[in-house]
Amino acid sequence: MLKVHNLRKRFGGVKAVDIDNITFEQNQLTSIIGPNGAGKTTFFDLISGFTEGDEGKVFLNEKNITNSQPFSIARQGMVRTFQLTKVFDRMTVIENMMFSGSNTKNDSLFRSLMKLSTQKNNENLIREKAFEIMKDLNIDHMADSYARELSGGQKKLLELGRSIINDPKILLLDEPLAGVNPKLAEEILSIIQKLSDQGITIIMVEHNIEAVMKISERVVVLAEGSVIADGNPEKVRKDPKVIEAYLGSGNE
Amino acid sequence: MTIFLTTGSIYLVFILNEEGPLRILFNLLTFAGIYGLAAIGLNVHFGLTGLLNFGHASFMGVGAYVTLLLIPHAAGREGEITDTGLTFFPALVIGIIAAALFGLLLGLPAIRLRGDYLAIVTIAAAEIFRLLVRDLESVTGGVYGIINFSESLQIYKPEFLINFSERFELNSSQMWVGLLSWISIFIVLILLRRLTNSPWGRALRAVREDEDAVRALGKNAIWLKLQSFMLGAGIAGLAGVFLAFNYGSLQTTTFVPLLTFYVWAIMILGGVGSLTGPIFGSIIFWVIISETDRLAQLIFENANGQQLAGVRFILVGLLIMLLMIFRPSGLLGKKEELLLDVKSS
């Protein structure tokens with residue numbers, strides 16, 4: 001479904017990402033872990049079009065999306081979230097959702113100026129769908145609040161809801177549990193699990209190892225930009241290279 | 001409070017002018033209408049989309065120059081007369097479109113820049129525009145400007161306005177420009193209200209909030225910003241045309257950066273992001289600009305004209321400072337959508 005070949009990116013003298021080959025299968029829940037600075041977020045930036053790679057190719061459903069614009073990648077069904085939540089602060093929660101649910105045609109200047117009835121119908125459909133999702137995420141009571149008034153966890157939920165309203169095929173979650181209290185983390189995990197059950201391919205970067213081991217079908221470990229381990233959680237947990245990367249080798 | 005301040009400032013005009021307060025009031029309202037219109041355009045850029053545009057004067061200038069060069073006029077050192085041309089309204093439409101296209105032209109390379117960088121580029125572009133216009137004397141009249149163009153607009157002046165002006169000893173030509181600018185404000189606001197409450201307006205606000213998130217959600221943020229840039233530039237172009245007709249002659253010096261900063265002050269006074277805010281901001285601004293000399297004359301009896309002229313800018317600055325402290329969202333801005341976070345938390 002998502003294939004990456006020889007993807008490399010350097011920042012000055014630092015090798016941020018250096019991945020030979022990796023493929024993400026359809027409908028699999030994959031976690032990417034690794035110490036700080038291992039290149040996880042850069043990897044996301046590269047495959048979602050936010051950063052241009054030095055070399056390498058990315059294929060989404062056999063289609064070359066290397067260096068495509070982020071919006072075009074998102075339209076092809078691969079949507080990402082951000083490590084630091086990026087909600088639209090000075091817009092209401094429902095506006096956040098509906099903006100995401102709306103498409104370019106619906107947003108057009110011409111249609112908006114003419115107040116076409118097709119647009120109105122569209123808007124109603126989008127609003128319904130938005131409320132459905134917000135109910136599932138338990139933020140529907142906040143619909144008319146400004147997004148800046150939400151708690152950190154609720155913002156994470158809003159960002160998640162916003163990214164699934166267009167039924168993406170692949171979801172890239174950058175630390176969906178960061179800064180979230182344990183109870184809400186549990187909730188978000190079960191939502192992610194549910195999305196995965198619904199057939200969305202999920203790739204997530206997360207530091208909470210326990211959570212990762214619990215829900216992932218596959219765990220990829222990055223260190224200094226390269227894949228050092230890859231497999232089911234059990235296998236990865238016992239891999240000596242992983243232990244070394246996390247705990248440091250004795251002779252350093 | 002807004003209504004109070006506005007009526008209060010208009011009342012001030014009557015107190016301070018024993019002779020012909022109406023004439024002064026309508027002169028002031030004409031300027032307020034024109035600058036208010038420009039501020040509404042700027043609010044599309046900054047209030048709605050978050051674009052820091054410091055080149056607003058050039059959009060006004062493009063609209064004015066293109067329109068005036070298309071209608072009969074006289075230009076340059078010799079006052080070379082061009083007596084054929086379009087009638088006013090088609091020329092106005094082309095002028096507005098030209099301003100919007102100038103916005104596109106400037107936006108294509110510049111709009112990818114963020115925040116302050118865009119501000120620098122726009123202010124430079126506006127100066128380039130002004131200097132080009134000044135030096136292309138054969139086309140634009142250069143420093144000698146364009147004159148004798150008012151007739152194209154004044155032939156449409158309605159009878160009732162002439163009668164009204166005669167009765168109260170007002171300048172009917174200026175009244176006509178003022179009336180048209182306020183009618184334009186009305187129409188533009190109706191259109192903008194539609195747009196800001198629409199999915200398009202929502203998309204622009206999303207761009208204002210977080211461009212990366214917009215891109216990550218499958219929307220072309222650059223195209224949205226360009227559209228906003230063109231729309232605001234077109235509105236500024238319209239204001240520029242009225243400004244030229246109000247002066248009766250067109251000079252390059254009209255479009256110095258100071259014009260841009262006046263428009264910014266008006267927008268901030270009225271409320272960033274508020275649709276009708278710039279109107280009130282503009283009226284109050286112009287009362288201060290045109291009446292403070294008289295007010296200061298009462299206080300500082302021995303001051304000369306030059307010193308008095310400085311006082312108004314002190315007052316505008318003071319007002320903006322007070323406003324930023326007590327009402328940072330401006331007179332009509334929504335507190336929840338405050339853009340100028342002066343008190344960083």
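Figure 1. B:His73 sits across from B:Thr82 of strand 2 of chain B. This is a predicted model, so to speak of local features a pLDDT of at least 70 is needed, side-chain atom pairs count only at pLDDT 80 or more, and totals for chains, interfaces and linings take in all residues. Residues are numbered from 1 along each chain as its sequence is written, while chains are lettered from A and ligands numbered from 1 in the order in which they are written. Strand 1 (residues 73–75) of chain B runs antiparallel to strand 2 of chain B, with three bridges between them. (Strands and helices here are DSSP runs numbered from the N terminus: E, at least two residues, for strands, and H or I, at least four, for helices; two strands pair if DSSP finds at least two bridges between them.) Three strands make up this open, antiparallel sheet of chain B, in the order 2-1-3. Strand 2 (80–82) and strand 3 (146–147) of chain B are the edge strands with a single partner each, so one side of each has no neighbour in the sheet.

**Figure 2. Helix 5 of chain B and what packs over it.** Helix 5 (residues 115–135) of chain B has 21 residues and should span 30 Å at 1.5 Å a residue; the end C-alpha atoms are 31 Å apart, which agrees. (The expected span is 1.5 Å times one less than the number of residues.) Its buried residues are B:Leu118, B:Val121, B:Thr122, B:Ile123, B:Ala126, B:Phe129, B:Arg130 and B:Val133. (Buried means 20 or more other C-beta atoms within 10 Å of the residue's own, exposed 12 or fewer, and partly exposed in between, with C-beta atoms placed from the backbone.) The cover over these buried residues includes helix 3, helix 4 (88–110), helix 6 (137–140) and helix 13 (257–270) of chain B.

**Figure 3. B:Met60 in the largest nonpolar core.** That core has 174 residues, and B:Ala38, B:Met60, B:Ala239 and B:Val263 touch the most other members. (A nonpolar core is a set of buried Ala, Val, Leu, Ile, Met, Phe, Trp, Tyr and Cys residues joined through C-beta atoms within 7 Å.) Leaving out residues up to four places away in sequence, B:Met60 touches B:Ala38, B:Ala236, B:Gly237, B:Ala239, B:Gly240, B:Leu243, B:Phe255 and B:Leu259. (Contact means C-beta atoms, placed from the backbone, within 7 Å.)

Figure 4. Strand 1 (residues 2–11) and strand 2 (residues 14–24) of chain A pair antiparallel over nine bridges, and A:Arg8 has A:Asp18 as its bridge partner in strand 2. The two strands form a hairpin with two residues between them, and A:Gly12 in the turn has a positive phi of about 60°. Strand 1 of chain A also pairs antiparallel with strand 4 of chain A, over five bridges, with A:His5 opposite A:Lys57. A:Gly56 belongs to strand 4 (residues 55–60) of chain A. A:Gly56 has 19 other C-beta atoms within 10 Å, which makes this residue partly exposed. Beyond its neighbours within four places in sequence, A:Gly56 is in contact with A:Val4, A:His5, A:Asn6, A:Leu7 and A:Arg8.

**Figure 5. Strand 7 of chain A between its partners.** Five of the five residues of strand 7 (residues 170–174) of chain A are buried, so the strand is largely enclosed by the rest of the structure. A:Ile170, A:Leu172 and A:Asp174 point one way, A:Leu171 and A:Leu173 the other. Strand 7 of chain A pairs parallel with strand 6 of chain A over three bridges, where A:Arg80 is partnered by A:Leu172. Strand 8 (residues 201–205) of chain A runs parallel to strand 7 as well, joined by five bridges, and A:Ile170 stands opposite A:Thr201.

**Figure 6. Where chain A meets chain B.** Here 30 residues of chain A are in contact with 23 residues of chain B. On the chain A side, the elements giving two or more residues are helix 2 (70–75), strand 6 (78–80), helix 3 (93–101), helix 4 (104–107), helix 5 (109–114) and helix 6 (117–137) of chain A. The predictor gives the complex an ipTM of 0.91 and a pTM of 0.90.

Methods. Two residues are in contact if their C-beta atoms, placed from the backbone, lie within 7 Å.
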